[in-house]
Amino acid sequence: MASKKTIVQEFTEFISRGNVIDLAVGVIIGGAFTAVVNSLVEKVVQPFISFITGGTGGVPGLSIDLNGNVMDFSAFISAIINFLLTALAVFAIVKAINSFRELKDKAAEKAGLAKKAAEEAAPVIRTCPYCKSDIADDATRCPHCTAKLEGYENPAE
């Protein structure tokens, strides 16, 4: 009889999977990165815009007063700037990682390691001796002509 796992055991197994931990690390780093970008926008970009527009806190004329409720479009523009800077930084990071991978692949190719790895990873293609079609390496019958191949065993026949 198979023993049932407790909730704690199932949770421990779930949380210790690599992709869950990778996701958690990504979320934590993303939060920290967002804080850096928010700081950049609030402390560098917005004061620069303030300087250009004459010292006002936002872009003048981009807020509407509706009976005491203010719709501030300059905050929305700041959020868009925030998003664009975050997207630009993530793009730069991904581009740098891809460049490093390309350099690594080129170095491995130059050293002859990529060729060896490709040869080792390449599947061996078998050919049916009867119909000359390609078949899987572990096949015992040809899927095209149904001929019995080497390694075929069926005690019922």
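Modeller: A contact here means that heavy atoms lie within 4.5 Å. Among the contacts between residues at least 6 apart in sequence, 21% join residues at least 24 apart. Please keep in mind that this is a predicted model.

Colleague: What makes the pair of Glu 13 and Lys 5 a salt bridge?

Modeller: The cut-off is a side-chain nitrogen of Lys or Arg within 4 Å of a carboxyl oxygen of Asp or Glu, and the closest N and O atoms of Glu 13 and Lys 5 are 2.4 Å apart, so the pair meets the definition. By this rule the chain has a count of one salt bridge.

Colleague: Why is Glu 13 called partly exposed?

Modeller: Partly exposed covers what lies between the buried limit, under 20% relative accessible area, and the exposed limit, over 50%. Glu 13 has 37% relative accessibility and therefore falls in that class, and Lys 5, with 46%, is likewise partly exposed. Of the 157 residues of the chain, 9% count as buried.

Colleague: How do you know which helices contribute to the lining of the largest pocket?

Modeller: The lining includes Gly 26, Ile 29 and Phe 33, along with Val 90, Ile 93 and Ile 97, and α2 (18-53) and α3 (73-111) each supply at least two of the lining residues. By class, six lining residues are nonpolar, four are polar and none is charged; Gly counts as polar under this scheme. The space in this pocket is about 180 Å³.

Note on methods:
Residues are numbered from 1 along each chain as its sequence is written. This is a predicted model: local features need pLDDT of at least 70, side-chain atom pairs count only at pLDDT 80 or more; totals for chains, interfaces and linings use all residues. Side-chain values use heavy atoms; hydrogens and water are left out. Buried means under 20% relative accessible area, exposed over 50%, partly exposed in between (1.4 Å probe, protein chains only). On a 1 Å grid over the protein atoms alone, a cavity is a set of points where a 1.4 Å probe fits but cannot get out, and a pocket is an open set with protein on both sides within 12 Å along at least five of seven lines; lining residues have an atom within 4 Å of a point. Grid points are joined across faces, edges and corners, and a volume is the space filled by probe spheres set on the points. Helices (H or I, at least four residues) and strands (E, at least two) are DSSP runs, numbered from the N terminus.
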